[in-house]
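I opened my notebook to get to know a new structure. Here is what I looked up, in the order I went.

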Amino acid sequence: MPHTRYMEAAFLHRTLPAIMIDFFQPRQIMSILMDNLTSFSATDAKSPLMLAAVVDLTFRYLQHKGHQDALVEWVVVSCSTFLQISPRSRAIGILTCLFISVSKDPVIRGLLPSVVAVAKDDAEFDHCLFWLPALHFFLNENLGMESKIMFCNVFSSADETPFAELAAMCIRLSADDGEGVSGEPSAIPNPPTPAGPASVGCVHRNRGG
C-alpha cells in the first residue's frame, strides 16, 4: 500500500530524528538509518525521499553534537550497501543525499532540493548532480588514505556509470595532489566542470578550510 508507506515515512520524518538523538548513541542511530533506507527503498520510491529528509536532519543534529568524523566514516563504509539498491537511479539518489547531508558547505547543502526533485519520479539522474557532492566529500572531509582507497575500490567495483567514473576522477584528483591512491592517472578522465553557481567550490578542494 504505497499511500500507507508514504504516511509512515512522513511520520518518521517528523519524529524519528528527535527520538533517536534522545535515546541512542551515534553508531546506533546510523545503523537505524541504514536499515530504514534499505528497507523502504525496496518497497516504495517516495519513502526513501522522505527518509532523505530524516537523514539530513539527523546529520545536522549529530554534527552539532561534534560527531562529524563518525558520520564521514559511516558514509564511506555504507556506500557498498547502498550501491546494491535497485533501480540504479534510486541508489544514486540515496548516495547523493548522503554526500550532501554529511557536508557542512552551504553550497553543497543547497543541492538537496534539486536531488529530491529529480528523484521524486525515480527519473534518471544528471550524473553531475551525483558527482559534485561525491567529489566534494572525497576532497574536503579529511579522509585518511585507507578511507580514500576503500571509497575508490567500492565505486570502481561497480563498473558502471556513474560509479566507475567517480572512482576514476577521485584517483585522478588524488594523483594531482601527489597522493596516488591507485590506478593509472594518465588514463583517467578529468573531473566534470559544469557551469553555474552550484558548481563553485564543489569539484576542487576547498582551499579555505
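I started with helix α5. This helix has 14 residues and reaches 20 Å from its first C-alpha to its last, close to the 20 Å expected at 1.5 Å a residue. I kept in mind that I was looking at a predicted model.

Is α5 enclosed or open? I found that 13 of its 14 residues are buried, so α5 is largely enclosed by the rest of the structure.

Next I wanted to see how α5 sits against α4. Two packed helices are described by the angle between their axes and the distance between the axes, and I looked up both. The axes of α4 (residues 68-82) and α5 (residues 88-101) come within 11 Å and cross at roughly 175 degrees. Angles over 145 degrees count as roughly antiparallel, so I noted α4 as roughly antiparallel to α5.

Which residues meet there? On the α4 side I listed W74, V75, S78, C79 and F82; on the α5 side, A91, I94, L95, L98 and F99. I sorted the residues of this contact into nine nonpolar, one polar and no charged.

An aside on helices that I jotted down: an α-helix has 3.6 residues a turn, so residues three or four places apart point the same way.

V75 got its own entry. This residue is in helix α4 and is buried, with a relative accessible area of 0%. Leaving out residues up to four places away in sequence, V75 touches F59, F99, V102 and F137. I also checked V75 against L95: they are 20 residues apart along the chain, and their C-alpha atoms are separated by 8.7 Å.

Then I turned to the core. The largest nonpolar core has 55 residues, and F99 and F155 have the most contacts inside it. Several helices each supply at least two residues of this core, among them α2 (26-41), α3 (46-64), α4, α5 and α9 (145-158). Which helix gives the most? That is α8, with nine residues.

Setting aside neighbours within four places in sequence, I found F155 in contact with C79, L83, L95, F99, F130, F163, A164, L166 and A167. C79 was already in my notes from the α4 side of the helix contact, and L95 and F99 from the α5 side.

My last stop was N140, found in helix α8. Buried or exposed? N140 has 15% relative accessibility and buried means under 20%, so N140 counts as buried. D105 is 35 residues from N140 along the chain, and their C-alpha atoms are separated by 9.6 Å.

Methods: Residues numbered from 1 in each chain as written. Predicted model: local features only at pLDDT ≥ 70, side-chain atom pairs only at ≥ 80, totals over all residues. Heavy atoms only, no water. Axes fitted to C-alpha atoms, helices over the stretch in contact; angles between N-to-C directions. Helix = DSSP H or I, 4+ residues; strand = E, 2+ residues; numbered from the N terminus. Parallel < 35°, antiparallel > 145°, perpendicular 65-115°, else oblique. Contact = heavy atoms within 4.5 Å. Nonpolar A, V, L, I, M, F, W, Y, C, P; charged D, E, K, R; others polar. Core = buried A, V, L, I, M, F, W, Y, C linked by side-chain atoms within 4.5 Å. Buried < 20%, exposed > 50% of the residue type's maximum accessible area, 1.4 Å probe, protein only. Expected span 1.5 Å × (residues − 1).
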